[in-house]
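Trainee: I would like to learn how to read the strands, pockets and cavities of a protein model. Could we take them one at a time?

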Amino acid sequence: NYQNMRRISIIGKDIEKKEEFKQKLLDKGFEYVEENPNLVICYGGDGIFLIADRVFPEVPKILIRGSKVSNNGIDCCIEEIIDKYERREFKIERIKKLKATYKGEFETRSLIGVNDIVIRNSLPTEAIRFKVKIDCIDFADGKEFIGDGVVISTPYGSSKGAYFYSITHNSFKEGIGLAFNNITEKQEHKILGDGSKIEIEITRGPGVLVADNNRDFINLEKGDKIIIEKIDDFAQRIILN
C-alpha cells in the first residue's frame with residue numbers, strides 16, 4: 001500500500017543536499033530511517049539508483065537528478081516531489097532484473113543487474129575469446145568471438161548514456177539486449193525474448209564479469225561459463241505524473 005509508505009531513507013553523495021531533503025521530509029511528517037525504509041530518495045546520477053537498489057532491493061525509489069549526465073532522474077524540487085507523492089500522483093515502473101550465474105572450476109557464484117551484465121577483457125592489452133549459446137543453441141554456428149567482450153542489457157539499461165546504448169546507439173522497450181563490444185569481426189546486436197537464456201563460454205581469458213556499477217566483480221579464465229537470464233525480481237522506480 002503505497003499510501004502508507006512514510007519510512008524514507010536518502011542515498012546520495014551530496015551531504016548538504018541529503019540534510020536538506022531530510023529536514024524537508026521531517027517537516028512534512030515523514031519518518032527518516034537508515035534501515036528498513038519503504039521508500040528511498042536517490043540524489044545524483046543514474047548510478048545512484050543502481051547503488052540504492054543494491055542497498056535496499058525491491059524498495060520503491062525516486063531518482064532526483066543531481067548530475068548533468070543523469071538521463072533517468074527528475075528535475076522537480078523536493079517540495080514538489082513530496083506533495084505529488086502524498087497526493088499519490090505517480091506510477092511505479094517495475095524493472096525486471098538480470099542474473100548472471102558464473103560456473104568456474106571450483107565455485108559457482110551469481111551477480112544481479114538492473115542495467116546490465118558485462119563480460120569483458122581484464123587486461124586492455126589483450127582481447128578475450130568467447131562463444132555464445134542462446135537457449136542451448138550455438139549462436140553464429142558456434143563462432144569464437146574475439147574482442148573486448150559482450151554486454152547483456154535490460155530495456156532500462158539500454159537508455160541513452162548506458163553501456164548498451166554507447167555500443168549500439170539503440171534502445172529497446174522489451175526483452176534482453178545482446179551487444180558485442182569491439183570485436184574483430186562485425187556482429188550486429190540482438191534483442192532477445194524475455195525468457196531467453198544466454199550462455200557465454202570463455203575460450204581464452206583473462207576476463208571479468210560485472211553487474212551494473214557493482215565493484216564486486218568475478219575473474220574469468222578459459223573454460224568458465226556464465227548463464228544470463230531475467231529473473232522474477234524487480235527494481236521499482238517511482239515516476240511522478
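Trainee: How many bridges join β11 to β12, and do they run parallel or antiparallel?

Mentor: The general idea comes before the count. Strands of a sheet pair through backbone hydrogen bonds, either parallel or antiparallel. This is a predicted model. In it, β11 and β12 run antiparallel and are joined by five bridges. One place to look is Val-151, which stands opposite Ala-179 in β12.

Trainee: In what order do the six strands of the open sheet lie?

Mentor: The order is β13-β12-β11-β7-β15-β16, with antiparallel pairing. The edges are β13 (190–192) and β16 (218–220), each of which pairs on one side only. Neighbouring strands of this sheet are turned by 20° against each other on average, direction ignored.

Trainee: How many bridges pair β12 with β13?

Mentor: Three bridges, in the antiparallel sense. Leu-178 has Lys-190 as its bridge partner in β13.

Trainee: Why is strand β12 described as largely enclosed by the rest of the structure?

Mentor: Start with the general idea. In a regular strand the side chains alternate between the two faces of the sheet. For strand β12, residues 176–181, six of the six residues are buried, so the strand is largely enclosed by the rest of the structure. Ile-176, Leu-178 and Phe-180 are on one side, Gly-177, Ala-179 and Asn-181 are on the other, and both faces are covered.

Trainee: Which strands are joined to β17, and by how many bridges?

Mentor: β5 and β17 run antiparallel, with 13 bridges between them.

Trainee: Now a helix. Which residues of α2 are buried, and what covers them?

Mentor: For a helix, list the buried residues and then the elements that cover them. In α2 the buried residues are Asp-46, Ile-48, Phe-49, Leu-50, Ala-52 and Asp-53. Their cover includes β1 (7–12), β3 (39–44), β4 (61–65), β5 and β17.

Trainee: What is the volume of the largest pocket, and which residues lie nearest its centre?

Mentor: With a pocket, take the volume, then the lining, then the elements that supply the lining. The largest pocket has a volume of about 320 Å³. Its lining has 16 residues, and Glu-93, Pro-155, Tyr-156, Phe-172 and Lys-173 lie nearest the centre. By class, the lining of the largest pocket holds four nonpolar, five polar and seven charged residues. β5 (90–103) and β17 (225–240) each supply at least two residues of this lining. The largest share, four residues, comes from β5.

Trainee: Which helix gives the most to the lining of the second largest pocket?

Mentor: Helix α2, residues 46–55, with three residues. The second largest pocket has a volume of about 230 Å³. It is lined by 15 residues, and those nearest its centre are Asp-46, Leu-50, Asn-115, Gly-161 and Ala-162. Asp-46 and Leu-50 are also among the buried residues of α2. The lining of this second pocket divides into four nonpolar, seven polar and four charged residues.

Trainee: How many cavities of 30 Å³ or more does a search of the whole structure find?

Mentor: One. About 30 Å³ of space lies in the largest cavity. The residues that line it are Ile-62, Leu-63, Asn-72, Ile-74, Arg-237, Ile-238 and Ile-239. β4 and β17 are the elements that give two or more residues to this lining. β17 gives the most, with three residues. The classes in the cavity lining are five nonpolar, one polar and one charged.

Terms used: Residues are numbered from 1 along each chain as its sequence is written. This is a predicted model: local features need pLDDT of at least 70, side-chain atom pairs count only at pLDDT 80 or more; totals for chains, interfaces and linings use all residues. Side-chain values use heavy atoms; hydrogens and water are left out. On a 1 Å grid over the protein atoms alone, a cavity is a set of points where a 1.4 Å probe fits but cannot get out, and a pocket is an open set with protein on both sides within 12 Å along at least five of seven lines; lining residues have an atom within 4 Å of a point. Grid points are joined across faces, edges and corners, and a volume is the space filled by probe spheres set on the points. Ala, Val, Leu, Ile, Met, Phe, Trp, Tyr, Cys and Pro count as nonpolar, Asp, Glu, Lys and Arg as charged, and the others, Gly among them, as polar. Two strands pair if DSSP finds at least two bridges between them. Buried means under 20% relative accessible area, exposed over 50%, partly exposed in between (1.4 Å probe, protein chains only). Contact means heavy atoms within 4.5 Å. Axes are lines fitted to C-alpha atoms, for helices over the stretch in contact, and angles run from 0 to 180 degrees between N-to-C directions.
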